[in-house]
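Hello,

Here is the structure you asked about, with notes on the ligand site and one surface feature below.

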Amino acid sequence: MPFETILFEIAGGVATLTLNRPDKLNAFTAGMHEELREAMQRVRAEADLRALLITGSGRGFCAGQDLTERVMQDGAGPFDLGSTLERNYNPLVLGLRELPVPVVCAVNGVAAGAGCNFALACDVVIAARSASFIEVFSRIGLIPDACGTYVLPRLVGTARALGMSLTAEPISAEQAAAWGLIWKCVDDDKLASTAQELVQRFAAGPTRAYALIKQALYASPANTLEQQLALEARLQREAGQSADFQEGVKAFLEKRAARFTGR
Ligand code: LHQ
């Protein structure tokens, strides 16, 4: 079945997933979540996958949960937003974090609510200069979800996390890059090419090392120094057994570019 709310393709080891409800700023619906689940399943099943690129079509990246859906409206019965998170958003975020390849997010426009935090769950976030990040939740009486309360203090500290969440003010892409909320901000007309260069570079890189880097860095905040050093030793032992490590050293000694195979 072709997708209706997303675009999805896998080519040359790179999966590209584009949120595709441009007239609604790519807001999440139950249908879109179903399609995202299916796409993520295909991503996980792709043996030769080396990078995932996520972006949005049109002028927005994602405006979060679609507020016109029944689940968000009065009269829909008892509200249980928790179960919506448990069913749709939490597995999506965990799926991105657990993917053993770099996940690049190209934020092409406004990223609001769960759309903002979906972007921030990705490993490398680049944004167009005209994009913005809004922890919009408190405007409608909610708290940041989809990993917002987890990633925000870790990325920008408690003061900025609280400022963003309590005021719900937009943070420009430039400000986001200056704060360390994202990796970098680029001119609008350079976003697609910068994102492509990045995923192509990852697709030609040491895939196993990338997976271990993700594992080490995401484990770090919960670990003591001793635990993290032990983890580094364990993961480096694993990296040292990869063909790409052999190739990396050989290429250095032979003064040529490495030809990584991802193994
Ligand atoms: C939208 C939306 C939208 C529907 C723009 N829905 N149509 C999940 C579920 C479970 C638990 C609770 O939490 C969550 C997570 C969440 O994400 S809650 C937060 C939900 N999102 C929002 O509250 C953001 C609502 N949108 C906005 O505040 C603005 O649209 C922003 C600031 C994102 C962009 O503003 P503008 O650039 O001025 O665009 P616009 O407002 O004119 O929107 C363009 C169109 O998109 C418009 O439709 P229309 O037919 O009038 O042209 C909007 O109604 C539609 N749209 N966001 N979330």
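In this predicted model, a backbone N or O atom of leucine 67 lies 2.9 Å from a nitrogen atom of the ligand, which is a polar contact (a pair of N or O atoms within 3.5 Å). Lysine 24 places a polar side-chain atom 2.7 Å from a ligand oxygen atom, and a backbone N or O atom of aspartate 23 is 3.5 Å from an oxygen atom of the ligand. On its own the ligand has 1,000 Å² of accessible area, and the protein covers 69% of that (Shrake-Rupley method, 1.4 Å probe).

The shell around the ligand has 22 residues, the closest being Lys24, Arg59, Gln65, Leu67 and Asp145; a residue counts if one of its heavy atoms lies within 4 Å. By type, the shell divides into 13 nonpolar, four polar and five charged residues (Ala, Val, Leu, Ile, Met, Phe, Trp, Tyr, Cys and Pro are nonpolar; Asp, Glu, Lys and Arg charged; the others, Gly among them, polar). Helix α2, residues 81-98, gives the most to this shell, with three residues (helices are DSSP runs of H or I, at least four residues, numbered from the N terminus).

Leucine 253 is in helix α9, residues 243-253. Its relative accessible area is 64%, so leucine 253 is exposed (over 50%, 1.4 Å probe, protein chains only).

Residues are numbered from 1 along each chain as its sequence is written. Local features need pLDDT of at least 70 and side-chain atom pairs pLDDT 80 or more, while totals for chains, interfaces and linings use all residues; side-chain values use heavy atoms, leaving out hydrogens and water.

Regards

Terms used
Helix = DSSP H or I, 4+ residues; strand = E, 2+ residues; numbered from the N terminus. Buried < 20%, exposed > 50% of the residue type's maximum accessible area, 1.4 Å probe, protein only. Polar contact = N/O pair within 3.5 Å; in protein donor to acceptor, adjacent residues only side chain to side chain.
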